[in-house]
Amino acid sequence: SPRGWAAVRATAAVAGLRRGLEGLRERRVPPLQMAGYALLCLGAAGTSCALAAVALVSLLPFWAGAEAMFYLFLRSKRAEMQRLLEPPPSAVVGLEEGLRHLHLIKDAALVLKPYVPNVIEDFFAGWFPGASLEELRQGDLVPWLAENFLFKRMADMGEAELAKARAFMHGLEQAVGELREAPFRLEPGTCGVRHLDPGFNVAGPFETYHYPLCVYLLVVALHTGSGFILRQLGFERHSQHSSQKLGLNYWYLPGSQGLRAWQAAAGPENGRRGGGGSRRRQGRGPREGPSKQHPIIIIPGIGPGLPMYMTLLKTVMHAAPGTPIFILEAAHIHMKPPWAEGWGEAMDRPEFQLNVHKMLEQHGFGPEEAPVVVGHSYGCFLAKWLLHKNDHFQLKGALMLDPLIFLTVFPEISFNVSHKTPSTAREHLIKTLLREPGIAKAFNRHSYWPDVCLWDVDLANLPKSVRTGILLSKQDVFLPAPKVFEYLKHSPHVPRDRVLCRMVPGHHAEFMLYPNQLDLVSSLLAFVLD
């Protein structure tokens, strides 16, 4: 029958696509076949655009009404997210910890001084544009310390908090004096220069843009398409809870040993079924059992999420064949639609560590199978949380790509995130992305730099079994990559046998477009897994 023939043709098409994806994964795609895929995609895109144009003309009145209603809905959400939040206990900076960070800023400046001679002057000139260090007064530094260390504005602080801010100021004076090898004291009063708002402005208002409904629907379509590809590669989606505040959403690919264990437990018939291109049934079956492998946890950065990370995923799968892989969906930075449950919310560090532990335990990984985390950009914040000592598990290692976790308190990141006027199309695009309401809230209500910053001594204090790979992009639009590279290269505290840092030319995330730079990612991952 015609319906039967249609089903046969659809099955053949899906099987062909699956074979194509398997070939792509193993880097065995012939040039003519790749050209065929490209023509097929272009044809499908052209047809879709034509159909969309016809539908748009027909449905324009209805669509305009939907966009108007969505504008009012999102405007109320954007206003609500400006509400100030109390820092979670894990992000509260005590007096001793705050003085430690000031001491580490001074140590970082000492490391950088031979390569950046005016590093401490540049630090204060960056935070206080138009004023030199000699011109600053106590009334200028205390508000800066209050917002960056206590996460409060002066008007909202009590006497005890003001006393703590003044103690931080005295610690800063001592640090500057040690750098200059001469006593340094700030004069009372103020020079009238306002400091930059922090890039993670948890104590004040932040800017957001309205995103049309059609943009969120496009992102949903992108996630649906990437989900289809992931399922063809053998991944299965799991959800600990419908709200991102209460549980993780992630994709999981069993390792080759784990898959064989489940096939053996499931019996011959189910084993054959589980060995096909899709492993949906396997994902619902019993635990795979210990695979004696170190699973890899990938945490993407800000943006649409998984659709932008397919080349990185392919690189990881090629560098560690047969290794179990988790891909986390960090919904608060992946442009999830604002009608989703828990939109704009995020876990704090202990909750995140506990839920990752539950995820590993659910799939049969015990303490002897320590995971490796691969984080990019903002995803390195969460990766740093997993490096942090906790009661649940210890990482085997971490691969940090374009990490925002080094020298986070230096002014460059805050300037680039919140204050830099874009001058190129790339910078306009990045600024627009950072102003997406969910992403903007992640930066300005759920990010506390002391909780995510990683210093050289932190790398030294990691267990000797933990290895760390770091990849920097020289023209990174967010962090001062050359300065971070010199810091990690010359710090006497960084253990060279356990930390490998490389810098590539190009902008933030561009390494995912170049095979030779992805090969470097492979070598860094091999170092971490070794």
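Reply: Helices α2 (31-80) and α7 (213-232) each supply at least two residues of a nonpolar surface patch. The patch consists of W63, F73, L217, V220 and W339. Patch members have over 30% relative accessible area and no salt bridge; like charges are joined within 9 Å, and nonpolar side chains (Val, Leu, Ile, Met, Phe, Trp, Tyr) within 5 Å. Areas come from the Shrake-Rupley method with a 1.4 Å probe, and for residues only the protein chains shown count as cover. Helices (H or I, at least four residues) and strands (E, at least two) are DSSP runs numbered from the N terminus.

This is a predicted model, in which local features need pLDDT of at least 70 and side-chain atom pairs count only at pLDDT 80 or more, while totals for chains, interfaces and linings use all residues. Residues are numbered from 1 along each chain as its sequence is written, and side-chain values use heavy atoms, with hydrogens and water left out.

F73 belongs to helix α2. Its relative accessibility is 32%, so F73 counts as partly exposed. The cut-offs are under 20% relative accessible area for buried, over 50% for exposed, and partly exposed in between (1.4 Å probe, protein chains only).

Now the whole chain. Its accessible surface comes to about 23900 Å², with 61% belonging to carbon and sulfur atoms. It has 530 residues, and 51% of them count as buried. The secondary structure comprises 20 helices and eight strands. Contact means heavy atoms within 4.5 Å. Take contacts between residues at least 6 apart in sequence: 81% of them join residues at least 24 apart.

Next, the sheet. Eight strands form an open, mixed sheet in the order β1-β2-β4-β3-β5-β6-β7-β8. β1 (236-239) and β8 are the edge strands; each has a single partner, so one side of each lacks a neighbour in the sheet. The twist averages 15° from one strand to the next. Two strands pair if DSSP finds at least two bridges between them.

Two pairings deserve a look. Strand β6 (397-401) runs parallel to β7, and five bridges join them. M400 stands opposite I470 of β7. Helix α11 (310-319) packs on the sheet and touches β2 (249-253), β3 (296-299), β4 (325-329) and β6. The direction of α11 makes about 160° with that of β4. Axes are lines fitted to C-alpha atoms, for helices over the stretch in contact, and angles between N-to-C directions run from 0 to 180 degrees. The second pairing is β3 with β4, which run parallel and share three bridges. There, I296 stands opposite I325 in β4. From β3, I296 and I298 point one way, and I297 and I299 point the other way. All of these β3 residues are buried.

K483 lies in α19 and E412 in α14, so the pair ties together parts 71 residues apart in sequence. K483 counts as buried at 13% relative accessibility, whereas E412 is partly exposed at 23%. A salt bridge is a side-chain nitrogen of Lys or Arg within 4 Å of a carboxyl oxygen of Asp or Glu. By this rule there are 20.

R435 and E207 meet in another (3.4 Å, N to O). R435 sits in the loop between α15 (425-434) and α16 (437-445), E207 in the loop between α6 and α7, 228 residues apart. R435 is buried at 7% relative accessibility; E207 is partly exposed at 43%.

K106 and D107 form a salt bridge as well (3.2 Å, N to O). Both are buried.

Most residues other than glycine have a negative phi. F151 has a phi near 60°. It lies in the loop between α5 (138-150) and α6 (159-180), and is buried at 8% relative accessibility. A509 has a positive phi of about 75°. A509 lies in the loop between β8 and α20 (515-529), and is partly exposed at 21%.
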